[in-house]
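Subject: A structure for you to look at

Hello,

Here is the structure I promised to pass on. Have a look at it first, and then read on for what turned up.

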Amino acid sequence: MSELLRFATAGSVDDGKSTLIGRLLYDSKAIFEDQLEAVERSSEAMGADYTNLALLTDGLRAEREQGITIDVAYRYFATPSRKFIIADTPGHIQYTRNMVTGASTADVALVLVDARKGLVEQSRRHAFLASLLRIPHLVLCVNKMDLVDWSQERFEEIRDEFRSFATKLDIADLTFIPISALNGDNVVTRSPNSPWYEGASLLHHLEEVHIASDRNLIDVRFPVQYVIRPHSDDFHDYRGYAGTVAGGVIKPGDEVMVLPSGFTSRVASIETFDGPVPEAYAPMAVTVRLEDEIDISRGDMICRPHNRPTSGQDIDAMICWMSESLDLNPRDKFTIKHTTRTARALVKNVQYRLDVNTLHRDEGVESLALNEIGRIQMRTTQPIFFDEYRRNRTTGSFILVAESTNTTVGAGMILGPSA
Amino acid sequence: MAYRFGHTGRSETTRLMATTYELTHLRALEAEAIHIMREVAAEFERPVLLFSGGKDSIVMLRLAEKAFWPAKIPFPVMHVDTGHNFDEVIEFRDRRVAELGVKLVVASVQAAIDQGRVAEEKSGSRNRLQITTLLDAIEENRFDAAFGGARRDEEKARAKERVFSFRDEFGQWDPKSQRPELWSLYNGRIHPGEHMRVFPLSNWTELDIWQYIAAEGVEIPAIYYAHEREVFRRDGMLLAVTRHLAPGKDEEAFKATVRYRTVGDATITGAVESTASTPEEVVVEVAATRLTERGATRADDRVTEAAMEDRKKEGYF
């Protein structure tokens with residue numbers, strides 16, 4: 001069966017990221033002739049002496065004019081075993097928010113380093129953001145191996161340096177692959193140039209990496225999204241709670257508790273248009289019916305009586321600030337959206353700002369500006385039902401929306417209730 | 001390339017899911033789209049689903065049916081009607097809408113021309129004229145969210161567009177100030193007069209759509225499958241001879257076995273030569289094709305490199 005895998009890449013023009021993506025797309029036949037012709041025409045018009053595959057993803061006029069990637073571009077390709085969604089983001093520090101956006105849904109992070117240069121500030125930053133956003137798998141592609149004569153020693157040197165850096169991060173699964181994106185070595189098939197390398201090609205690794213158990217299958221979390229009441233003759237008293245499973249495995253007969261009311265009931269059935277299902281788990285979109293009639297509305301959380309999320313109003317979180325026009329300051333108020341629940345949030349304080357290059361905590365700051373990441377304490381107007389982000393990426397994440405402009409200004413990852 | 005479908009029947013699916021807790025890519029895409037639709041129904045006052053009668057909007061309508069079952073779809077559907085239609089598509093539209101018991105709003109480009117809101121273009125294409133008609137209809141009906149069937153794989157401007165795509169009071173899209181979109185948290189907040197375009201199929205590809213049509217047995221208009229038709233060649237495309245369009249002096253009409261990859265304004269939408277007469281055969285053909293569907297069959301996107309971006313900024317789908 002063909003599974004969906006989302007991976008995020010970040011990088012700048014010269015580390016070969018576009019070439020690598022171009023090769024994955026081309027070799028899996030996801031680039032079409034008319035797209036390639038258009039890119040060839042544009043490359044020629046821009047005076048480039050090679051086909052600039054970045055133009056495939058840099059679709060906006062401003063990007064093409066300035067020759068830069070501004071935004072997250074989503075690209076798609078498939079092999080017989082998996083469908084892939086690439087969130088391709090620019091790598092420079094001024095695009096941290098775009099990288100965070102791309103990383104938020106990724107199963108795998110691809111970090112590229114140039115074999116000649118080794119680890120640079122940017123590669124460390126990408127790895128840190130991948131770990132902050134809890135991408136479960138990280139692949140370090142040591143690129144341009146052809147330019148270091150496929151030196152095993154050089155590859156191992158970079159690998160060991162990265163491993164020692166990664167001990168400071170929280171990365172569950174780390175893989176190292178020596179490649180040449182330009183020549184296609186170890187991208188789709190194993191290369192004869194690296195007989196000393198015993199691992200899989202990049203594509204093979206992406207096809208095989210086990211992602212099913214990355215989801216939380218333990219803690220039942222079902223944020224109620226929409227109440228279905230048909231008011232029709234055939235379904236006169238029907239009342240179903242529609243939503244997307246955020247954690248655990250829900251089965252008919254399970255005893256459940258509804259927050260915030262605390263009422264308990266049992267799951268009568270789990271229904272879909274295609275018929276009832278014997279169990280539901282993330283990210284299935286289903287309709288849960290309960291044995292008892294309880295007053296439940298959007299924003300409520302269905303869980304198990306003995307395994308509940310934290311219900312609270314005082315929260316510690318890491319925030320990535322995304323607003324160009326306003327900074328985050330203590331006493332600021334925002335709209336917070338967490339699962340299907342919307343409330344207001346008050347920033348109590350900024351505890352520190354994190355230097356995304358050195359991981360140094362700067363405690364002498366009061367505010368966070370665009371692309372800065374820091375730890376804050378906040379209070380919400382009503383309780384929200386959350387888990388630590390490290391335990392559940394869905395019930396542990398939220399966004400902050402500016403009340404004047406309605407724009408999304410912050411992305412939050414919950415650390416836990418404030419002490 | 002061999003493609004396996006995730007869904008061969010209820011018991012099979014149930015057995016697979018029970019042992020592995022894995023979803024096929026089609027099930028994962030379906031769940032994401034349903035989540036998006038429920039989110040809109042919960043957070044907006046007056047959503048509408050834009051329905052062209054094309055395969056993507058038909059799949060979108062099926063997903064809406066699934067999202068709210070056993071209740072009816074809680075919003076109307078709207079067709080922005082260029083008047084340059086394929087008869088099969090209009091027939092299909094009316095039948096499907098009646099089956100589902102949803103309200104159909106028709107926003108007519110012809111009416112806008114008659115009222116002098118827009119003027120017919122020299123080319124005869126009414127593609128661009130749809131923008132005014134669409135925005136007028138959104139305003140008149142006070143719609144605050146409009147579902148569109150656009151996919152990110154279609155076109156490079158679309159590849160950068162959000163699932164919840166904000167439109168200001170002029171209906172404009174500003175690609176440079178899009179709201180960040182993280183996890184599955186969608187920001188639907190707008191001021192009065194503004195609206196949101198919502199694209200539940202953002203992460204689907206043409207192949208996914210066809211695999212879904214095949215796996216689910218979704219009915220689509222017959223012109224998507226191979227049939228014999230009178231056509232002529234223009235700009236490297238095969239255009240159908242219809243009451244809206246006749247070959248020019250130097251263009252010769254001939255019979256060919258064709259099918260459509262997209263269904264739009266009949267005067268600018270090209271057919272491709274094909275013998276694929278079932279969804280499964282189309283899947284095989286799509287998996288092997290080397291041209292994008294818009295590159296192959298849409299004259300409107302060939303005008304300039306940023307043709308789509310420019311139209312979208314003005315308020316296009």
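Which residues of α6(A) are buried? Please keep in mind that this is a predicted model. The buried ones are A:Q122, A:S123, A:R125, A:H126, A:A127, A:F128, A:L129, A:A130, A:S131 and A:L132. That makes 10 of the 12 residues in the helix, so α6(A) is mostly covered.

The length of this helix also checks out. Helix α6 of chain A runs over residues 121-132, and at 1.5 Å a residue its 12 residues should span 16 Å. Its end C-alpha atoms are 16 Å apart, which agrees. After α6(A) comes A:R134, which has a positive phi, near 60°.

Now to the place where the two chains meet. Chain A brings 91 residues to the contact, and chain B brings 72. Between them, about 7,100 Å² of area is buried, and 57% of that comes from carbon and sulfur atoms.

Polar and charged groups take part as well. The rule finds 28 residue pairs in polar contact across the interface, both residues at pLDDT 80 or more. It also finds 8 salt bridges there. In a salt bridge, the side chain of A:R6 meets that of B:E32, at 3.0 Å from N to O.

On the side of chain B that touches chain A, the elements giving two or more residues are α1 (10-20), α2 (25-43), α3 (55-68), α7 (206-216) and α10 (307-314). The largest share, 12 residues, comes from α2(B). By type, that side of chain B divides into 33 nonpolar, 25 charged and 14 polar residues.

Enjoy exploring it!

Best wishes

Note on methods
Residues are numbered from 1 along each chain as its sequence is written. Chains are lettered from A and ligands numbered from 1 in the order in which they are written. This is a predicted model: local features need pLDDT of at least 70, side-chain atom pairs count only at pLDDT 80 or more; totals for chains, interfaces and linings use all residues. Side-chain values use heavy atoms; hydrogens and water are left out. Helices (H or I, at least four residues) and strands (E, at least two) are DSSP runs, numbered from the N terminus. The expected span of a helix is 1.5 Å times one less than its number of residues. Buried means under 20% relative accessible area, exposed over 50%, partly exposed in between (1.4 Å probe, protein chains only). Contact means heavy atoms within 4.5 Å. Buried area is the accessible area (1.4 Å probe) that two parts lose on being put together, summed over both. A salt bridge is a side-chain nitrogen of Lys or Arg within 4 Å of a carboxyl oxygen of Asp or Glu. A polar contact is a pair of N or O atoms within 3.5 Å; within protein, one must be able to donate a hydrogen and the other to accept it, and residues adjacent in sequence count only if both atoms are side-chain atoms. Ala, Val, Leu, Ile, Met, Phe, Trp, Tyr, Cys and Pro count as nonpolar, Asp, Glu, Lys and Arg as charged, and the others, Gly among them, as polar.
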